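Thanks for coming. I have one structure to go through today, and I will keep it short. Please have a look at it before I start.

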Amino acid sequence: NMKIKCLKCNDIIESLSVHDYKKCKCGACSIDGGNEYTRIGGDVKYIHWVYDDGHEEPVQKNNAK
């Protein structure tokens, strides 16, 4: 399962199943889909992917305008 981190409130959230919709505590981002698909919501400049080994990467690499 993919996890995301909200850079506004530092909340880390993950979706565990298809209909497991989660929002961070400040409401700026969301994740849904579990292992079937991953859908994230919110402004990608405030969201990082969080990997099992603990490292983070921006959802969108520095190509946003």
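Among contacts in the protein chain with a separation of 6 or more, 25% are between residues 24 or more positions apart. Keep in mind that this is a predicted model.

Now the secondary structure. What pattern does the protein chain follow along the sequence? Reading along it, you get β-β-β-β-β-β-β. That is 7 strands and 0 helices.

Strand 4 covers residues 29-32 and strand 5 covers residues 39-42; the two run antiparallel and are joined by 4 bridges. Strand 4 and strand 5 make a hairpin, with 6 residues between them. Gly 33 lies in that turn and has a positive phi, about 115 degrees. As a general point, side chains in a regular strand alternate between the two faces of the sheet.

Next, overall dimensions. The C-alpha trace of the protein chain spans about 30 × 25 × 20 Å along its principal axes. The radius of gyration is 11 Å, and a compact globule of 65 residues would have one near 11 Å, so the two agree.

Then burial and surface. Buried residues make up 29% of the 65 in the protein chain, with under 20% relative accessible area as the cut-off. The chain exposes about 4,300 Å², and 46% of that comes from carbon and sulfur atoms.

Last, charges. How far apart are the mean positions of the positive and negative charges? There are 10 positive and 10 negative charges in the protein chain, and their mean positions are 8 Å apart.

Terms used
Residues are numbered from 1 along each chain as its sequence is written. This is a predicted model: local features need pLDDT of at least 70, side-chain atom pairs count only at pLDDT 80 or more; totals for chains, interfaces and linings use all residues. Side-chain values use heavy atoms; hydrogens and water are left out. Two strands pair if DSSP finds at least two bridges between them. The radius of gyration is taken over C-alpha atoms; the globule rule is 2.2 Å times the number of residues to the power 0.38. Buried means under 20% relative accessible area, exposed over 50%, partly exposed in between (1.4 Å probe, protein chains only). Contact means heavy atoms within 4.5 Å. Accessible areas come from the Shrake-Rupley method with a 1.4 Å probe; for residues, only the protein chains shown count as cover. Lys and Arg count as positive and Asp and Glu as negative; His and the chain ends are not counted. The place of a charge is taken as NZ of Lys, CZ of Arg, CG of Asp or CD of Glu.
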